[in-house]
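Subject: Structure handover

Hello,

Please find the structure below.

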Amino acid sequence: MKLDSFADFNREVQKLKLKKQTEKTIITVSRDSTCCLLKGSMDLSVALEKELENHKLTDKVLINYSGCLGFCEIEPVVLIEPQNLFFQNVTAQSVQKIVSEILVDGKIPHGSQTIEKRNEGPFYKKQLRFLTGQNEKIEPGSIDDYLVVGGYSALVKVLETMEPRDVINEIKESGLRGRGGGGFPTGKKWESCRNASAPDGCRYVICNGDEGDPGAYMDRSLMESNPHSILEGMIIGSYAIGANEGYIFVRAEYPLAVEHMKSAILQAENYGFLGSSILGSDHNFTIHITMGAGAFVCGESTALMASLEGKAGFPRVKHIHTVEQGFRNKPSNLNNVETWANVPYIISRGAQWYKQIGTAGSRGTKIFSLVGKVKNTGLIEVPMGITLGEIIFEIGGGIPENKNFKAVQTGGPSGGCLPEGYLDSPVDFDALINLGSMMGSGGMIVMDEDTCMVEIARFYLNFLVEESCGKCTPCREGLWQLLSILTRISHGEGNMDDLTTLEELGEMIKDSSLCALGKTAPNPVLSTLRYFREEYIEHIRDRKCRAGVCRDLFRYTIDKEKCTGCSVCRQKCPYKAISGEKKEHHSIDTEICVKCGICFEVCKFNAVRKVS
Amino acid sequence: MKEIGKIIAEFPKSPESLIPILQEIQEQYNYLSEENIKEVSEKLDLPLQHVFSVATFYNVFSLRPKGRNIVKVCMGSACHVRGSNRILEEIERKLNIKNNETSADGRFSLETVNCLGACALGPIMVVNKEFKGHLTPSEVSKLISQELIEEKS
């Protein structure tokens with residue numbers, strides 16, 4: 001039903017809120033996001049529905065299939081209200097037991113905890129989940145759910161009570177900075193776009209959903225789990241900037257995000273939040289969705305716009321900014337998914353409220369993907385200024401298997417690796433840049449003692465060489481040179497002069513590359529050289545890889561004392577490099593062994609060791 | 001499979017339609033053949049070298065036919081620190097093809113992808129469109145064997 005006025009909107013929301021009030025038991029299942037689906041949430045939902053039918057409970061229960069609730073390690077989760085119970089790692093089998101015990105027998109099953117207890121637990125306690133907290137109340141496919149939790153009320157506030165300039169001032173005042181990596185002040189960008197000359201009145205707003213940083217997936221999660229918050233942010237932005245057309249550019253690897261965004265656009269059109277005369281105002285705005293075709297460089301604004309125009313995604317020099325001449329040579333305002341999702345919250349609660357969160361230079365919350373060698377992996381939303389240590393050791397629960405922390409990598413391939421000594425550093429845009437890393441889009445990859453810092457630098461460089469578009473020479477040729485030197489060092493064939501060359505070349509590439517990809521590409525090398533130089537020296541001078549990663553620098557051996565002769569390693573070795581009779585000591589033929597590491601993985605007695 | 005002409009006709013005749021058209025052809029036919037690229041160039045009135053440059057710039061396009069089953073291994077950083085290299089090697093060994101190759105019988109293509117965005121559950125691979133997470137090399141071996149059996153039957 002199309003809502004033609006603000007009064008219509010208020011009536012509809014009241015109606016939906018009444019409809020949502022229920023005496024029924026509400027079962028929330030985190031089903032509709034990639035991670036949950038990977039962990040079997042679809043089978044779980046089928047089993048749940050079947051179990052409810054078996055017990056003839058279908059009429060007494062309301063199921064809510066939400067998107068991502070953040071704590072990927074324990075997904076899928078089930079919340080049952082009003083019983084106020086929370087279950088983690090639920091499977092198709094265990095959900096049947098949960099339903100029959102609680103709803104049929106009226107018991108509280110073993111292994112459950114209250115929802116408050118979950119929120120007080122280490123993973124959630126320090127978080128401020130403004131953008132992500134509503135996910136558990138929303139089915140991604142239901143605009144009504146979004147309306148019930150206050151969705152689109154910020155848009156109504158804007159259209160009803162604010163002039164475009166007021167909106168821009170509010171965003172400027174809030175201190176919101178772009179969440180995609182650059183950290184440019186959002187309000188200032190909007191203002192430049194609004195002020196840019198557009199003789200035909202044509203301006204564009206674009207949402208950058210080309211989340212290419214490996215290790216970061218907050219934008220996918222937002223698009224999958226709360227698509228309307230992004231649309232609402234864009235519609236508000238279009239009003240402030242004076243744009244009538246918008247584009248959402250989503251990476252090809254995110255099919256579910258595309259599906260959810262598409263369906264959200266259709267629903268918003270049906271209600272009249274998109275289209276002409278939005279809610280009876282004189283603002284018109286439509287949104288198109290475009291899928292990327294797999295090029296990391298398209299996260300860069302000019303490359304993204306080239307791709308939208310049907311060209312290869314080569315960036316261009318920004319003598320003229322995209323806010324003046326971008327997509328189709330018209331003023332174009334590009335913000336990333338998370339930035340857009342912040343907008344409705346700032347408008348609803350006001351810039352003064354927003355400013356209280358975070359640090360002086362970086363306001364608000366930031367979503368990070370806490371991944372790698374850390375116990376509690378998932379998406380966390382924290383106030384800016386929280387320390388790295390709090391994130392990794394309190395929220396993340398520290399390093400698994402009693403291993404030692406070595407480094408945390410922030411900022412994707414353009415970021416850097418920070419060592420233990422910097423765990424007390426606050427996380428904000430400027431503090432991380434001062435340390436030689438950057439915030440990027442919010443990937444936070446924790447590394448333990450088993451990670452080789454030379455190999456990690458080589459890994460990132462390899463990625464960047466593959467993804468460099470090849471337009472400018474410093475990036476195309478320079479990165480290739482950095483990679484070949486790093487590869488040599490990781491083979492134990494480096495020399496001490498290489499370290500100076502890496503630094504000089506790295507600085508040159510930073511200074512002379514065309515776009516941000518090249519300008520930041522040497523960071524992984526430079527930051528590891530700055531903080532983990534001794535590991536480089538060990539690789540060169542001692543031909544030693546202390547983490548046991550660089551294959552030319554160690555070999556596998558079987559400890560005679562520990563080997564029980566169980567023969568598992570011999571059976572599993574794909575190359576038949578292990579010999580030994582059952583119950584007798586086994587040994588590895590180093591001539592045949594390719595160091596695939598399967599014996600190391602399968603030995604239950606820690607008898608397989610790496611030696612330099 | 002939809003005819004190429006039909007696919008092209010679904011989009012406005014504009015240079016901006018090039019990528020979505022190529023994506024649709026890739027989806028339907030598994031690759032972009034020389035004839036298809038020529039036809040797109042003619043129908044959209046775009047120089048052949050422009051279409052070719054776009055088709056070779058982006059990773060999702062392939063100029064050679066891909067296998068019936070596509071195995072993608074995530075090489076993102078979170079998967080990398082959890083050993084995705086060894087997962088890839090194990091799959092290469094099991095399928096007897098290298099990364100970016102298709103088996104001679106056309107059953108499998110092996111690819112790497114720079115991040116699938118399910119980083120908390122790494123290492124990850126996708127067999128056709130199904131995600132599999134928390135992999136170890138020995139598990140991969142089992143999964144691929146199953147897949148091979150299902151393919152046969």
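The notes below begin with how to read the model and then go through what was found.

This is a predicted model, in which local features need pLDDT of at least 70, side-chain atom pairs count only at pLDDT 80 or more, and totals for chains, interfaces and linings use all residues. Residues are numbered from 1 along each chain as its sequence is written, while chains are lettered from A and ligands numbered from 1 in the order in which they are written.

Chain A as a whole

Chain A has 26 helices and 18 strands; helices (H or I, at least four residues) and strands (E, at least two) are DSSP runs, numbered from the N terminus. The radius of gyration of chain A is 27 Å, close to the 25 Å that the globule rule gives for 612 residues, so chain A is as compact as a globular protein of that length. That radius is taken over C-alpha atoms, and the globule rule is 2.2 Å times the number of residues to the power 0.38. Along the principal axes, the C-alpha atoms of chain A fill a box of roughly 80 × 70 × 40 Å. Of the 612 residues in chain A, 54% are buried. A residue is buried if 20 or more other C-beta atoms lie within 10 Å of its own, exposed if 12 or fewer, and partly exposed in between, with C-beta atoms placed from the backbone.

Strand β6 of chain A

Why is β6(A) largely enclosed by the rest of the structure? Six of the six residues of this strand (residues 204-209) are buried, so β6(A) is largely enclosed. On one side the buried residues are A:Y204, A:I206 and A:N208, and on the other they are A:V205, A:C207 and A:G209. β6(A) pairs in the parallel sense with β7(A) (residues 245-250) over six bridges, and A:C207 has A:I248 as its bridge partner there. β6(A) also pairs in the parallel sense with β9(A) (residues 332-336), over five bridges, where A:I206 stands opposite A:L334. Two strands pair if DSSP finds at least two bridges between them.

An open sheet

Five strands of chain A form an open sheet in the order β11-β10-β14-β12-β13, with mixed pairing. β11 (378-383) and β13 (416-419) stand at the edges with a single partner strand each, so one side of each is left without a neighbour in the sheet. β10(A) and β11(A) run antiparallel and are joined by six bridges; A:I367 has A:E381 in β11(A) as its bridge partner.

The contact between the chains

The contact takes 44 residues from chain A and 35 residues from chain B. Two residues are in contact if their C-beta atoms, placed from the backbone, lie within 7 Å. On the side of chain A that touches chain B, α2(A) gives the most, with four residues.

Backbone exceptions

Most residues other than glycine have a negative phi, and most peptide bonds are trans. A cis peptide bond joins A:E81 and A:P82, with omega about 5°, and A:P82 is in the loop between β3 (78-81) and β4 (85-87) of chain A. In chain B, the peptide bond from B:G122 to B:P123 is cis, with omega near -5°. A:R328 is not a glycine but has a positive phi of about 50°. B:N100, also not a glycine, has a positive phi of about 70°, and B:N100 counts as exposed, with 11 C-beta neighbours inside 10 Å.

Regards
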